[in-house]
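Thanks, everyone. Let me put the structure up.

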Amino acid sequence: MRLFVFIASLAVLVTVVSAWTKEDHEIFDLVGALEGAEGKGTTFYSWLDIPSSASLSQINKAYRKKSIQLHPDKNPGVKGIHDRFARLGVIATILRDTEGRKRYDFFYKNGVPKWRGTGYYYARFRPGLGTVFVFLTFLTSGLQYLVQRLNYTRDLAKIEQTIRDARLAAWGQKMEPLQGKRKVKVNLGGGARVDDEGNYVNGRTIDMVVDGDQVYIFDPSGDHHLLDTGSAVRPAISRTWFIVLVSSLFQKITGRKDEDIDKEDDKDAIETDDASDSPASGSVTPSGASEAESKHDLKAGRAAVAMAGGRRRKAVRKR
């Protein structure tokens, strides 16, 4: 019910915002500019010094009087006088027009809305491509993080329920811990089916082992995997798409540099080996050593350097 009320209210708000016309936006701008120049709370009527019920003749008379006061020729060198004089003409035009005055009177009585629609603000501020990109990046990353948190909450509840069901199957209704390991089947939900042994079971089941307070998932290979609340993947900003993208690009760039270093090291190692095999080096290769054995010794040396934390990591890098 609350969701329906929220959607209905949002639909009404969108309808009202979309109903604001270009003329309304012009009035919004004039009201803001007038208050900024003449003081907070200044209205079209108070600025012309006439009542809100003034007739057309009163408006014209007040306009002529105000235009004489604000004419740029009578106020040479006054800062902002041209803008004020031009604003006076626009305001007088609105009040002289029946439809324009009607629209202004509506906002005069009800107040100018604080939120005037995305189109209004976009047309006046026009954010650049970089600003739009940053906004969308924060928005999509925030939504992705929210989805991660929702998934984490769901997975955490599922894990806690599974652990509870496993202990219930192993310990019974009293939930008193028993000594020793107990293998049980836990129902994970789903439709009824027949298991591998031909038994009728309700929903999808999984083999589990309860050993004291610890609950394990029993793998068909015989391995046991501990199941606890730490198994759920926690939400992290580092796993949002933009951070992952930047991290991936950084790893690719640094990975290429590492490959270049590895190639240079390999080249130096081969040259060193070739030099050591030459008569001038003072070392002699055993006559019984084959080329394959020499390569094997070279690879073993590289692996030893990598295990020791040296620069040659190519031998242990997994692609």
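When I say two residues touch, I mean heavy atoms within 4.5 Å. Keep in mind that this is a predicted model.

Start with Gln148. Gln148 sits in helix H8, residues 129-171. Buried or exposed? Gln148 counts as buried, because its relative accessibility is 11% and the cut-off for buried is under 20%. What does Gln148 touch? Leaving out residues up to four places away in sequence, Gln148 touches Pro235, Ala236, Arg239 and Thr240.

Second stop, helix H6.

H6 has 13 residues, 98-110. At 1.5 Å a residue, H6 should span 18 Å. The end C-alpha atoms are 18 Å apart, so the two agree.

Which residues of H6 are buried? They are Gly100, Arg101, Tyr104, Asp105 and Phe107. These cover an arc of only 165° around the axis, so they are on the same side of H6.

Turn to the face of H6 pointing away from the buried side. There you find exposed Thr98, Lys102, Lys109 and Asn110.

Now the ends. At the N-terminal end, Asp97 caps H6. A side-chain oxygen of Asp97 lies 3.4 Å from the backbone nitrogen of Glu99. Just after H6 comes Gly111, with a positive phi of about 90°.

That's it from me.

How values were computed. Residues numbered from 1 in each chain as written. Predicted model: local features only at pLDDT ≥ 70, side-chain atom pairs only at ≥ 80, totals over all residues. Heavy atoms only, no water. Helix = DSSP H or I, 4+ residues; strand = E, 2+ residues; numbered from the N terminus. Expected span 1.5 Å × (residues − 1). Buried < 20%, exposed > 50% of the residue type's maximum accessible area, 1.4 Å probe, protein only. Arc of directions from axis to C-beta. Polar contact = N/O pair within 3.5 Å; in protein donor to acceptor, adjacent residues only side chain to side chain.
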